[in-house]
Amino acid sequence: MLNDKVVIVTGGSKGLGYATAEELIRLGARVGILARDQGAIDKAVAALGTNAFGVSVDVADKQSVLDAFAAVKNHFGRLDGLVNNAGLARPSSIETLAQDELLLQVNTNFVGLVYCCQAAIPLLREQGSGLIVNVSSASVHHENEMSHLSIYAASKAAVEVFSRELRHEVTCDNIGVSVVVPGSTASEFASGFDFGKLKDALTAWLDKGKYFDGTMQAQQIGQAIAHCFMYPPGVTVDFIEVKPHMPCEKPVF
């Protein structure tokens, strides 16, 4: 069990992040929820109870990240782990990709993750051990994932390469680094998508084949991420992929 361990979950107010926070708390941890929307944070904290604490943050702003980590540390008194879950996508063909959507994805999915790791490392070192879990995507590894998500997939590939080097750098501090790769999961991931670009992406996805692996629930990924924290110091899950195995026809729009 994770009694009294403190873990920060970015993007923790909804979807995979919320499911992860919920499972960590069930296992006895206390969780700092970091997200953009204060209203969503307040709702999540109210549902999760006194072992949850929320801070509004823009992960692409380094000072905002440092302030948020300090607030969690001040509230709970320590930090034992970090789940870098915050991420987003904007479907678009490469030719028509808008500059603001390119930078939004790279800054949120990769640059923000780097900032969060930088903020976490000295706090974990204080405890003598810790774990950083970086959430990647099946789009890095499988051809039959959603089309027109080139920048999202590339930013997640960068996360995996970064994690490999990070693991080497912090191992002397007894800090582990895990990469968790979720397959297709039911969540609010598509909120904010442009419908026309989404339709084009789905049409291109159909060209990859009629069937896909199906969809999981967020709770299943939350359990996998929380499971990474169940090992003693010195033992780490380096890489885990969790994906559905329920072949079904792709939707037609």
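# A friendly tour of the fold

Val9 is buried, with a relative accessible area of 0%. That residue makes a handy starting point for looking around this structure, which is a predicted model. From there we move to helix 5, to salt bridges, of which the count comes to 9, and to the cysteines, among which a search of the whole structure finds 0 disulfides.

- Val9 sits in strand 1, which covers residues 6-10.
- Leaving out residues up to four places away in sequence, Val9 touches Gly17, Thr20, Leu24, Val31, Gly32, Ile33, Leu34 and Val83.
- Gly81 is 72 residues from Val9 along the chain, yet their C-alpha atoms are separated by 8.7 Å.
- Ala119 belongs to helix 4 and is buried too, at a relative accessible area of 6%.
- Beyond its neighbours within four places in sequence, Ala119 is in contact with Val65, Leu66 and Phe69.
- Between the C-alpha atoms of Ala119 and Met1, which are 118 residues apart along the chain, the separation is 25 Å.

**Helix 5 and what covers it**

- Helix 5 runs over residues 150-170, 21 residues in total. From first C-alpha to last, helix 5 reaches 30 Å, close to the 30 Å expected at 1.5 Å a residue.
- Which residues of helix 5 are buried? They are Ile151, Tyr152, Ala153, Ser155, Lys156, Val159, Glu160, Ser163, Leu166 and Val170.
- The cover over those buried residues includes helix 4 (99-127), strand 5 (130-135), strand 6 (175-182) and strand 10 (239-242).

- Side chains of opposite charge can pair when their charged atoms come close.
- Glu126 is exposed, at 52% relative accessible area.
- Arg125 forms a salt bridge with Asp173, and the closest N and O atoms are 3.2 Å apart.
- Because Arg125 is in helix 4 and Asp173 is in the loop between helix 5 and strand 6, the pair ties together parts 48 residues apart in sequence.
- Arg125 is partly exposed, with a relative accessible area of 42%, whereas Asp173 counts as buried at 19%.
- Lys243 and Asp213 meet through their side chains in a salt bridge of 2.8 Å, N to O.
- This pair links distant parts of the chain, 30 residues apart: Lys243 is in the loop between strand 10 and strand 11 (248-249), and Asp213 is in the loop between strand 8 (211-212) and strand 9 (216-217).
- Lys243 is partly exposed at 34% relative accessible area, and Asp213 is partly exposed at 30%.

- Cys116 counts as buried, at 1% relative accessibility.
- Cys228 is in no disulfide either, and the nearest cysteine sulfur, that of Cys117, is 14 Å away.
- Cys228 is buried, with a relative accessible area of 3%.

**A nonpolar surface patch**

- Met1, Met230, Tyr231 and Val235 make a nonpolar surface patch of about 390 Å².
- One of these residues, Val235, lies in the loop between helix 7 (218-227) and strand 10. Val235 is partly exposed, with a relative accessible area of 43%.

**Backbone angles to look at**

- Asp4 has a phi near 70°, a positive value in a residue other than glycine. You will find Asp4 in the segment before strand 1.
- His148 is not a glycine, yet its phi is positive, at about 60°.
- His148 is placed in the loop between strand 5 and helix 5 and is partly exposed, with a relative accessible area of 26%.

Terms used: Residues numbered from 1 in each chain as written. Predicted model: local features only at pLDDT ≥ 70, side-chain atom pairs only at ≥ 80, totals over all residues. Heavy atoms only, no water. Helix = DSSP H or I, 4+ residues; strand = E, 2+ residues; numbered from the N terminus. Expected span 1.5 Å × (residues − 1). Buried < 20%, exposed > 50% of the residue type's maximum accessible area, 1.4 Å probe, protein only. Contact = heavy atoms within 4.5 Å. Patch = residues over 30% accessible without salt bridge, like charges linked within 9 Å, V, L, I, M, F, W, Y side chains within 5 Å. Areas by Shrake-Rupley, 256 points an atom, 1.4 Å probe, with all protein chains shown as cover. Salt bridge = Lys/Arg side-chain N within 4 Å of Asp/Glu carboxyl O. Disulfide = S-S within 2.5 Å.
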